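Keep the sequence and the coordinates side by side.

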Amino acid sequence: MHDRFPDFRLGKVLATSFTATLTERRGDAVERIPVPRRLADWLAVSGLAVESCTTAQLELARELRESIHAVLTAAAGQEDLPASAVQVINDRSAHGRAAAVLTPEGNRQWRLSSASCVEDALGVIAADAISIVAGERDGKLALCASPTCRAAFFDTSQSRSRKWCEMNTCGNRQKKARFNANKRP
């Protein structure tokens, strides 16, 4: 991994983790995949390893990321899904040629059509977003309560009442701000 880039914010849900490659969207935005190699790094830690990535593939990935974010945000707010974003997700899903394979340990793993096919990896991410919005997963789509973040996340907690995309970042920042505000005279 490259030390000069911000850490990835990885979660258990592929599509929402992918949208978290751009954080603090309503504040000082943090781009976590600024160069093609960094996208390849993210795909590797997400189980979708590719050997290389071009600038054009990075642009496809960012377009997909923003489309997923727009659709998840609309779905979480029970609003109409933006047609152009839906089209991008559907196109990326249709162009991917990845196959789900079963490992000897009983886990699902993705096999891409070639070692450098970023489009296949993007197809897997798009398909994951589709399954979330279509209600095929157990959980609730929500938006982070942080006013600078507002990231869409998939709440699989028992009560389905999570407020923050990540407690270690957004949640702690908000709790600290409340604590400091209560200390002031």
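The paragraphs below cover confidence, the cores, the strands, and then some individual residues.

This is a predicted model; local features need pLDDT of at least 70, side-chain atom pairs count only at pLDDT 80 or more, and totals for chains, interfaces and linings use all residues. Residues are numbered from 1 along each chain as its sequence is written, and side-chain values use heavy atoms, with hydrogens and water left out.

Start with confidence. pLDDT is the predictor's confidence in each residue, from 0 to 100. The chain has a mean of 87, and 91% of its residues reach 70 or more. Helices (H or I, at least four residues) and strands (E, at least two) are DSSP runs, numbered from the N terminus. Confidence is highest in helix H3 (residues 55-76), at a mean of 97, and lowest in helix H6 (residues 167-183), at 71. Where pLDDT is low, the predicted coordinates should not be read in detail.

Now the interior. Buried means under 20% relative accessible area, exposed over 50%, and partly exposed in between (1.4 Å probe, protein chains only). A nonpolar core is a set of buried Ala, Val, Leu, Ile, Met, Phe, Trp, Tyr and Cys residues joined through side-chain atoms within 4.5 Å. The largest such core has 33 residues. Phe18, Leu39, Leu43, Ile68 and Ile125 have the most contacts inside it. At least two residues of this core come from each of helix H1 (14-19), helix H2 (36-45), H3, helix H4 (83-95), helix H5 (118-133) and E6. H5 gives the largest share, eight residues. Leaving aside neighbours within four places in sequence, Ile125 is in contact (heavy atoms within 4.5 Å) with residues including Leu14, Phe18, Trp42, Leu64 and Ile68. A second, separate core has eight residues, among them Ala142, Cys149, Phe153 and Trp164.

Turn to the strands. Two strands pair if DSSP finds at least two bridges between them. Strand E5 (residues 140-143) runs antiparallel to E6, joined by four bridges. Here Lys140 has Asp155 of E6 as its bridge partner. In a regular strand the side chains alternate between the two faces of the sheet. Both faces of strand E6 (residues 152-155) are covered: Ala152 and Phe154 are buried on one side, Phe153 and Asp155 on the other. Strands E3 (residues 99-102) and E4 (residues 108-111) also pair antiparallel, over four bridges.

Which residues other than glycine have a positive phi? Glu24 is one, with phi near 55 degrees. Glu24 sits in the loop between strand E1 (22-23) and strand E2 (30-31), and counts as buried because its relative accessibility is 12%. Arg160 is another, also with phi near 55 degrees. Arg160 lies in the loop between E6 and H6; its relative accessible area is 21%, so Arg160 is partly exposed. Most residues other than glycine have a negative phi, and most peptide bonds are trans.

Last, the cysteines. How many disulfides does a search of the whole structure find? It finds zero, where a disulfide is a pair of cysteine sulfur atoms within 2.5 Å. For Cys117, the nearest cysteine sulfur is that of Cys53, 11 Å away. Cys117 is buried because its relative accessible area is 9%. Cys144 also counts as buried, at 0% relative accessibility.
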